[in-house]
Amino acid sequence: MTYVVTDNCIACKYTDCVEVCPVDCFYEGEAMLVIHPDECIDCGVCEPECPADAIRTDAEPDSAKWVAHARQFAELWPVITARKPPLANAAQRDGEAGKFELFFAQAQT
């Protein structure tokens, strides 16, 4: 089992989780964070730290797409180990539907 960052991180990008990670397996993109699935030690300390409730285990439905997403982008993005302020309007974007199409895809073009 590994942990994945899901679409609710997009356009929020809270970084509370990165400070508690004992192996520094979080990577930062413009719109979100990912957890490198090959570096995660499955400790789970990051999950309760996420204010947006965006971190899940890979045992949950639809998690395979997030594992593949994380594996791809963790190879491209820099590691993040310290907390930063969230994105502007993070509180308003928390829980918004369709964030992947609205914010992530646009940030990658």
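This is a predicted model: local features need pLDDT of at least 70, side-chain atom pairs count only at pLDDT 80 or more; totals for chains, interfaces and linings use all residues.
Student: Where is Cys 25 found, and is Cys 25 buried or exposed?
Tutor: Helices (H or I, at least four residues) and strands (E, at least two) are DSSP runs, numbered from the N terminus. Cys 25 sits in the loop between α1 and β2. Buried means under 20% relative accessible area, exposed over 50%, and partly exposed in between (1.4 Å probe, protein chains only). Cys 25 has 2%, so it counts as buried. Its loop also holds Asp 24, which is partly exposed at 35% and has a positive phi near 50° without being a glycine.

Student: Which other residue has a positive phi although it is not a glycine?
Tutor: Look at Ala 11, with phi of about 70°. Ala 11 lies in the loop between β1 and α1 and is buried, with a relative accessible area of 9%.

Student: How many disulfides does the structure hold?
Tutor: A disulfide is a pair of cysteine sulfur atoms within 2.5 Å, and the structure holds zero of them. For Cys 17, the nearest cysteine sulfur is that of Cys 50, 6.0 Å away. Cys 46 has the sulfur of Cys 43 as its nearest, at 6.2 Å. Cys 17 is buried at 3%, and Cys 46 is buried at 7%.

Student: How many residues are in the largest nonpolar core?
Tutor: The general idea is that nonpolar side chains tend to be buried together in soluble globular proteins. A nonpolar core here is a set of buried Ala, Val, Leu, Ile, Met, Phe, Trp, Tyr and Cys residues joined through side-chain atoms within 4.5 Å. The largest has 34 residues, and Phe 26, Met 32, Ile 35 and Ile 55 have the most contacts inside it. Among the elements giving two or more residues to this core are β1 (3–5), β2 (26–28) and α2 (63–74). The largest share, five residues, comes from α2. Beyond four places in sequence, Phe 26 touches residues including Cys 17, Cys 46, Ile 55 and Pro 78.

Student: How many aromatic pairs are found?
Tutor: Rings of Phe, Tyr and Trp (its six-membered ring) pair if their centres lie within 6.5 Å; planes under 30 degrees apart are stacked, over 60 edge-to-face, and the rest tilted. The whole structure gives two pairs. In one of them, the rings of Trp 66 and Phe 100 have centres 6.0 Å apart and planes at 80°, so that pair is edge-to-face. Trp 66 is in helix α2 and Phe 100 in helix α4 (residues 99–107), so the pair ties together parts 34 residues apart in sequence. Trp 66 is buried at 8%, whereas Phe 100 is partly exposed at 28%.

How values were computed:
Residues are numbered from 1 along each chain as its sequence is written. Side-chain values use heavy atoms; hydrogens and water are left out. Contact means heavy atoms within 4.5 Å.
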